[in-house]
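Please read the notes below alongside the model.

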Amino acid sequence: MKFIRIDKKDWTKGIDTSRKTYQLFGPVKDENGCKIKELDADLAPDMDYHESVMSAKSVLFPQTETLLTANLDESVEDHHIMKRAKNEYTPRAVLGIRPYDAKAILLVKMNFDTPEYRDPYWCDAYEATTLVGLGITRPGPFDFSTSVGSGPFCEEGLDILMADLDDHYLAKVLTPKGEAYAAACGFDAAAAEKESQALFDILQLEAEKNITSRVETDKLKDKVLLDLHEAPFWDDIAFACINCGTCTYVCPTCWCFDIQDEAKQKQSSRFRNWDTCMSPLFTRHATGHNPRGAKVQRVRQRFMHKLKYFLDKYDQGIMCVGCGRCVKSCPVNIDIRKVAHTMNTFEKKD
Ligand code: SF4
Ligand code: SF4
């Protein structure tokens with residue numbers, strides 16, 4: 001681990017140099033807010049952004065991704081044989097990713113990269129990706145990351161963590177991937193380790209002091225799963241939900257997807273598209289039967305997955321990094337912090 005000083009006047013030139021070998025992604029503002037998007041050659045990341053509406057999850061898990069293709073031309077020997085699509089996994093770097101979004105990628109990894117099953121598309125994209133984080137010095141009112149094991153300067157999942165110090169960035173290089181990216185940019189001005197770490201500690205403490213929002217999860221592990229599943233409060237929680245799915249699309253830890261086939265002339269493709277457990281179509285079987293046909297079942301599923309099933313399965317905390325996007329974006333003010341409190345304090349009446 002080492003520290004590097006990057007003068008802001010050298011930042012754009014450095015990341016432009018890295019474009020020779022890296023595809024770049026970063027925060028970009030438009031009329032709909034800030035999103036993490038691919039940075040075309042003439043586009044620099046907006047490193048002064050506050051929060052992004054969408055996280056960086058689409059860098060590894062695109063909204064639409066071709067998985068398999070087949071040639072339908074019967075004159076070709078291997079016609080109708082599905083083969084893995086020739087997706088490119090060139091090195092890529094996500095610049096300015098927030099620490100909670102990098103931690104979210106580690107939670108998603110638990111689903112896509114397991115000892116029993118490895119999703120080759122997600123894993124290949126993950127291997128190709130370097131995460132260059134930017135610490136949060138002004139946490140927003142919806143941020144409750146410190147109570148779920150993340151925080152404004154959390155290093156988990158990051159390859160580099162940077163702090164904005166007005167005229168320069170102080171970068172903490174955390175992994176060999178981070179070292180390779182810094183070298184590709186030509187960022188090599190070493191900063192004193194002890195003083196730099198002390199500065200990071202101060203910034204972290206200051207930022208954490210400004211996070212007052214919290215979520216309660218300490219009793220969830222001991223709750224009986226079926227008691228929570230059958231609890232009477234789900235109707236109240238679900239009442240206002242309009243099943244728009246916004247909370248799941250903006251969430252950096254949600255990974256629901258759907259598979260579609262499409263044929264055009266002599267070419268067939270199989271796609272994976274983002275989907276949402278809040279949609280009745282997500283679980284509707286070909287027979288017409290739907291195990292989660294009622295809204296209350298879908299709302300319960302979302303919160304039970306994040307706050308109970310994931311916790312019970314992996315014992316690594318809840319499936320949430322406290323970014324607050326779902327709370328901020330829900331059009332009817334359904335708030336995961338309140339739901340967690342309700343679940344955490346629930347006692348079954350005999
Ligand atoms: S954003 Fe709110 S209304 Fe929309 S699906 Fe999620 S909880 Fe329901
Ligand atoms: S559940 Fe909400 S607060 Fe938690 S990571 Fe997802 S969007 Fe962020």
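Which cavity does ligand 1 sit in?

1. Ligand 1 sits in the largest cavity. A cavity here is a set of points on a 1 Å grid over the protein atoms alone where a 1.4 Å probe fits but cannot get out, and a molecule sits in one if more than half of its atoms lie within 2 Å of its grid points. The model is predicted: local features need pLDDT of at least 70 and side-chain atom pairs count only at pLDDT 80 or more, while totals for chains, interfaces and linings use all residues. Residues are numbered from 1 along each chain as its sequence is written, chains are lettered from A and ligands numbered from 1 in the order in which they are written, and side-chain values use heavy atoms, with hydrogens and water left out.

2. The shell of ligand 1 includes Cys241, Cys244, Cys247 and Cys330, along with Met278 and Pro331. A residue is near a molecule if one of its heavy atoms lies within 4 Å of it. This shell divides into nine nonpolar residues, three polar and no charged. In this count Ala, Val, Leu, Ile, Met, Phe, Trp, Tyr, Cys and Pro are nonpolar, Asp, Glu, Lys and Arg are charged, and the others, Gly among them, are polar.

3. Ligand 2 sits in the second largest cavity. Among the residues around ligand 2 are Cys251, Cys320, Cys323 and Cys326, as well as Phe144 and Lys306. Its shell holds eight nonpolar residues, two polar and one charged.

4. How many disulfides does a search of the whole structure find? The search finds zero, a disulfide being a pair of cysteine sulfur atoms within 2.5 Å. Cys244, from the shell of ligand 1, is partly exposed because its relative accessibility is 36%. Cys320, from the shell of ligand 2, is buried at 11% relative accessible area. Buried means under 20% relative accessible area, exposed over 50%, and partly exposed in between, with a 1.4 Å probe and protein chains only.

5. An open sheet of eight strands runs in the order β3-β2-β6-β7-β8-β9-β1-β10, with mixed pairing. Its edge strands, β3 (33–38) and β10 (190–191), each pair on one side only. Strands (E, at least two residues) and helices (H or I, at least four) are DSSP runs numbered from the N terminus, and two strands pair if DSSP finds at least two bridges between them.

6. Strand β9 (residues 168–173) is largely enclosed by the rest of the structure, because six of its six residues are buried. In a regular strand the side chains alternate between the two faces of the sheet. In β9, His168, Leu170 and Lys172 point one way and Tyr169, Ala171 and Val173 the other.

7. Strand β9 pairs in the antiparallel sense with β1 (residues 2–7) over six bridges, and Ile6 stands opposite Tyr169. Six bridges also link β9 to β8 (residues 160–165), again antiparallel, with Leu161 opposite Lys172. By contrast, β7 (residues 129–134) runs parallel to β8 over three bridges.

8. Most residues other than glycine have a negative phi. His80 has phi near 65°, lies in the loop between β4 (64–71) and β5 (83–84), and is partly exposed at 44%. Asp315 has phi near 55°, is found between α10 (295–314) and α11 (325–329), and is exposed at 53%.

How values were computed. 1 Å grid on protein atoms, 1.4 Å probe; cavity = no way out; pocket = protein on both sides within 12 Å on 5 of 7 lines; lining within 4 Å.
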